[in-house]
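Please look over the sequence and structure before reading on.

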Amino acid sequence: MSNQIVANEGNKENVPENEEKKIPIFSIEILKIIKEAQQQHGLRHNDYQRYRGYCTRRIRRLRKVMHLQQGDRRHFRKKNVTETNLTDERAVYIPLMLAERAWSYAMQLRVEANTEPRKKFHLVSRLRKAASYAIQLQKLCESEKFDARTQLETQAYVAWCEGMLQFELQEWKPAIENLKKAQMIYEKLASALNEEDAILYRNRYEELEPSLRFCAYNIGNETDVNQLLHLRNQAQGDLLVTLDTLMAQTRDSLSEVTWRNRTVPVKNSRVRTFLLANRDFNSLLDKCTTLAEKSDSLEQHLMDCKDAMLAIRDDIKTEQKMDGSSTSSASSLQYLHTYLSFIRLERSIQRNLLLIESALENDGKQGTIGSKKLQDVTRLYEILIQNILEEQQLPGLEDDSDFQEKLIIKAKAYKAFRCYYIGQSLSTLHRWRDTMAMYERALLHISSAINQVDDDLKTRLSNLVNTIESSKYCAHAQSVLEQDNEEELDSLKNAKLQKMPLTKRLDEYYEDSSVLGKDPNVIKVPPEMEEIPCKPLFFDVALNFVKLPAFKKQQPVSDPANKEGISGFVKGLWGWGGKKK
């Protein structure tokens with residue numbers, strides 16, 4: 001038996017080394033590595049310079065550890081990473097970090113190119129460098145030492161780098177091919193991995209979608225403005241600027257706008273682009289599936305509106321500085337600014353209504369609405385009413401009676417909702433009289449506004465009337481029940497106070513008829529003895545009654561040493577004649 005065991009161990013030692021080498025020994029999650037590095041070193045705040053510095057420091061550390069330093073302080077000796085250096089998986093981090101450093105520098109130059117257009121040439125050069133380093137990484141990972149997942153990730157990374165370069169060069173067909181290839185690889189990887197790891201690849205897949213749609217639009221012959229508008233809401237950075245320019249070129253006919261029976265020209269391209277987006281924004285908002293998506297879209301639209309208002313203010317200042325500027329052009333710009341302010345306030349009201357709906361929906365699932373949430377809803381309605389008051393004060397619309405009347409009716413409708421939720425908040429504090437008063441005030445606002453509002457708001461007010469009617473009955477029933485409980489408590493309290501003497505209940509008001517009778521219960525006679533603490537003052541008078549003992553005068557005891565007289569004094573003075581000790 002022992003001989004057989006020894007023979008089996010000998011067979012294990014004789015396994016060919018080639019079979020062990022075919023097993024992949026390195027597995028590198030490239031996308032996870034770069035995403036974690038980007039989030040931890042600046043890209044969370046779009047600080048590309050900080051991320052570039054991190055890449056430089058990490059490259060220096062890797063070259064030092066791998067003994068691939070390129071010369072010393074005086075001489076430069078280029079050392080590329082080759083297959084002979086693949087004894088450690090950290091060797092492939094060097095070309096990866098080089099590509100990331102070049103890409104981050106390109107993104108930094110993209111931001112700076114807004115004010116210095118010449119930097120776009122340097123931007124393209126950095127993207128080319130990033131693509132070359134990515135190809136070098138791919139060649140290294142094609143070795144048998146890396147598993148299939150690593151090789152797929154390197155292919156996707158190279159396709160993405162080349163696609164971004166071609167996108168910047170506006171070579172749409174090769175760009176869409178490379179980006180589609182990268183997207184397909186990330187989709188396959190997401191389907192093959194577990195749920196936690198697949199989230200990162202799905203997010204990468206979605207990041208490539210706007211660029212792919214933009215490339216597809218430029219390749220096609222027909223102009224689909226709705227597709228551009230939907231794409232613009234998802235785009236960021238330089239792609240957003242390009243989309244704005246393209247949309248302005250597509251619908252250049254939007255040269256004027258009509259509002260409140262007045263037509264004003266629109267010359268600023270940024271304002272024209274925003275008005276174009278605002279025209280079809282409601283249809284795009286309907287395509288959103290969740291309240292969170294609608295709220296995010298409204299937030300982005302409000303930011304665009306503020307940018308357009310800033311552009312109009314700059315135009316107004318420019319017109320005022322120009323010599324001989326006409327008052328008509330200045331008044332047109334002022335009126336256009338008023339129109340943009342009205343759009344901003346209307347979209348703010350729409351956003352607040354979405355927030356109210358979201359708050360009520362989340363608490364409605366739990367069955368009850370808390371007092372804190374009711375206060376938040378009330379606060380949102382107050383902000384909404386404040387927005388309507390700001391609309392009434394817009395310059396140029398003070399004399400528009402029809403406009404002012406519609407806003408007053410609209411404010412009354414939302415005041416009804418505010419009164420209802422204030423009443424709900426008071427009901428949580430058991431203030432039933434105040435609750436009933438707020439319900440009555442809400443019904444008063446509804447009766448004055450329900451016949452003059454649009455159909456949607458009219459339906460909501462009708463539902464509110466039914467809700468208030470049921471709430472009134474509930475509040476009335478609760479107040480009656482609490483009143484009965486209070487009467488029971490008062491009767492028990494009065495019975496207890498009746499037994500107590502008047503001196504014991506001076507702080508409590510109680511109509512006791514026995515006080516006016518022949519036997520009033522004023523004080524208990526004799527009063528009860530109470531223990532009180534002893535004070536030092538009571539002991540100070542005891543000294544007057546203390547008899548001290550009489551001390552007799554004692555005679556002083558004579559000292560025998562003093563009997564020596566003068567001779568003793570002399571002996572002691574000069575030290576002679578005394579007794580020796």
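The points below go from the whole chain to local detail.

The model is predicted. Its chain has 22 helices and 2 strands. Of the 581 residues in the chain, 36% are buried.

**Whole chain**
- The accessible surface of the chain is about 38,300 Å², and carbon and sulfur atoms account for 51% of that surface.
- When contacts in the chain between residues at least 6 apart in sequence are considered, 64% of them link residues at least 24 apart.

**Glutamine 38**
- Glutamine 38 belongs to helix α3, which spans residues 30–40.
- Its relative accessibility is 8%, so glutamine 38 counts as buried, the cut-off being under 20%.
- With neighbours within four places in sequence set aside, glutamine 38 has contacts with Leu43, Arg44, Tyr51, Glu100 and Trp103.

**Helices α8 and α9**
- Helix α8 covers residues 172–192 and helix α9 covers residues 195–207; the two pack at an angle of about 155°, and their axes are 8 Å apart.
- Because angles over 145 degrees count as roughly antiparallel, α8 is roughly antiparallel to α9.
- The crossing of α8 past α9 is left-handed.
- On the α8 side, the contact is made by Gln183, Tyr186, Glu187, Leu189 and Ala190; α9 contributes Ala198, Tyr201, Arg202, Arg204 and Tyr205.
- Sorted by class, the contact of α8 with α9 has 6 nonpolar, 1 polar and 3 charged residues.

Conventions. Residues numbered from 1 in each chain as written. Predicted model: local features only at pLDDT ≥ 70, side-chain atom pairs only at ≥ 80, totals over all residues. Heavy atoms only, no water. Helix = DSSP H or I, 4+ residues; strand = E, 2+ residues; numbered from the N terminus. Buried < 20%, exposed > 50% of the residue type's maximum accessible area, 1.4 Å probe, protein only. Contact = heavy atoms within 4.5 Å. Areas by Shrake-Rupley, 256 points an atom, 1.4 Å probe, with all protein chains shown as cover. Axes fitted to C-alpha atoms, helices over the stretch in contact; angles between N-to-C directions. Parallel < 35°, antiparallel > 145°, perpendicular 65-115°, else oblique. Left-handed = near helix turned anticlockwise from the far one by under 90°. Nonpolar A, V, L, I, M, F, W, Y, C, P; charged D, E, K, R; others polar.
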